[in-house]
Amino acid sequence: VEEACAPDRAKIMSGEADKDKVDPEEEEELDCSVPEVVNKYQFAGGVANAAIKAVEEACAPGKAVAELCELGDSIINEKLSSVYKGKKIEKGIAFPTCISLNNCCGHFSPLKEDSVDLKEGDVAKIDLGVHVDGYVALVATTIVVGQKNVSGRAADAIMAAKTASDVIIRMLKPEKKNNEITPLIEKCVDSFGCKAVDGVVSHQIKKFTTDGTKVITNKNTPGHPVEECTFDQHEAYAVDVVVSTGEGKCRELDTKCTVFKRATDQKYNLKMKTAREALFKIEKTHPKMPFSLREIDDARTRLGITECVRHDLLQPHPVLYEKETEIVAQIKFTVLLMPSGPLKITGVDIPDTIKSEKQVEDEELIEILKTSVKKKKKSGKKKEEEGKNA
C-alpha cells in the first residue's frame, strides 16, 4: 500500500486539530483542501488498516467468523478511545467488520448463534470501515484461509479485483469522467476470466456519507444507467471492486441480515413499543453509520428492529450470494484526490504468492498500469524554465 503521510497524532489526541473550527454549517462543506480534514481521514485510515491487518492475521481454520468480526470491531473502538477525549466529536465504526466466504458477495457479519467456522481454503473477504468526525475510511481485502500460495480460480478472482483497482486509482484524477473508467474495469476483469458483480460501485465519500452522488460502476448493466460525472481535486472516494468467477449475479438466500443503517429521510409513527425503543436506541448510538446486530445484545431491541425495517426506517445490507460453485473476491480502499495525485489512505497489499496464469493483454490497460499513481515532481531546471515562460 502506498503509505499516506502520517497524520499529526498529537493534534488529534489533544483536540488541537479543531481549534480553528469554523461555523458548523460551513464545516459540512469542508473537503480535502483543509489539512484538518485530511488529518482525520488519515487517522481513520490508520485505524482501519490496523484492524483489517489484525483480523487477517487471526484468520485460521477452525476460527469462528463471529469472533473474528468482533475482533475487528473491538480493535477499531479501542484505538479510537484514546482520541478526542472529552470532545463532542463522533468517532467509531463506519461499517461493521464482515467476513464473507467463497460465493458470498458480502455483508456476512453473523451473531454468535449463526456463526460458521473457517475452513482451509476458504476464500474470505474482510470488509470494515472507520470514521473520525464523520470522515470515513473504508477497506476490504481477500485472503485464502490457511494458504499462502494461491493459484487457480481463487487467484484469478483476487488478481482480477486487484488489477482492476490498480487501473481505477490511476484513472481517478481531476477532469477525468466516470464513464471513461467503467469499460476499462470490464476489460481488465474479463482478462482473468471473471465478471464484475452487479450493482457494486465505487462511491464518492463526504462527511458522514459513504454513498455520495458521484459513482464509478464496475460494469454497465442494461436498464441501470449511471449518471456521468467529472472528478474534482480534493474529493474522496471509496474504490470498491467485487468480482466473481461466475456471471456476477448475486441474490439473497436465507442468511439472516445483521447489518443495517438508519434511513434518515424516512419517518413513520411506529405502533409497537419495542420498535419505538429500538429506533430511539439506534438514533442515539448509530444515527448515521451502518451497524451490526452484534452490537445490540438486548433481545427486546432486536425484536423491534424488524418493525423498523418493515417501515423503511432502517436500510438493510442483505447477505448476497453468487452460485454455490463460484468464487467472489473483493478489494476496497479509500483515496483522497490531492494536488500531488491520488493519496491512498487504506488498503492491503496482495502478496506475490497469489499467482494467476491469466494476465492483462490489452495494450491500453498495460500502458495505464505502467503509469505512476503520483504526479512526477518537476526538476528544479524545469520549474525555472516554466517560471521564465510564465
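Predicted model: local features only at pLDDT ≥ 70, side-chain atom pairs only at ≥ 80, totals over all residues.
Is the crossing of α5 and α9 left-handed or right-handed?

**First stop: two packed helices.** Select residues 152-171, which form helix α5, and residues 363-370, which form helix α9. Two packed helices are described by the angle between their axes and by the distance between those axes. Here the angle is about 70°, and the axes lie 9 Å apart. Because angles of 65 to 115 degrees count as roughly perpendicular, α5 is roughly perpendicular to α9. The crossing of α5 and α9 is left-handed.

**Second stop: the contact.** Display the side chains of Thr163, Asp166, Val167, Arg170 and Met171 on α5, then those of Leu365, Ile368 and Leu369 on α9; these residues make the contact.

In soluble globular proteins, nonpolar side chains tend to be buried together. Select Tyr41, Ile76, Leu80, Ile99 and Leu336, the residues with the most contacts inside the largest nonpolar core, which has 55 residues. Next, colour the elements that each supply at least two residues of this core, among them α4 (65-80), β1 (91-101) and β14 (328-338). Helix α3 provides the largest share, eleven residues.

Centre the view on Leu80. Beyond its neighbours within four places in sequence, Leu80 is in contact with Phe43, Val47, Lys91, Gly92, Val130, His131 and Val132.

**Last stop: a second core.** Finally, select Ala161, Val239, Ile327 and Val360, which are included in a second, separate core of 42 residues.

Definitions and conventions
Residues numbered from 1 in each chain as written. Heavy atoms only, no water. Axes fitted to C-alpha atoms, helices over the stretch in contact; angles between N-to-C directions. Helix = DSSP H or I, 4+ residues; strand = E, 2+ residues; numbered from the N terminus. Parallel < 35°, antiparallel > 145°, perpendicular 65-115°, else oblique. Left-handed = near helix turned anticlockwise from the far one by under 90°. Contact = heavy atoms within 4.5 Å. Core = buried A, V, L, I, M, F, W, Y, C linked by side-chain atoms within 4.5 Å. Buried < 20%, exposed > 50% of the residue type's maximum accessible area, 1.4 Å probe, protein only.
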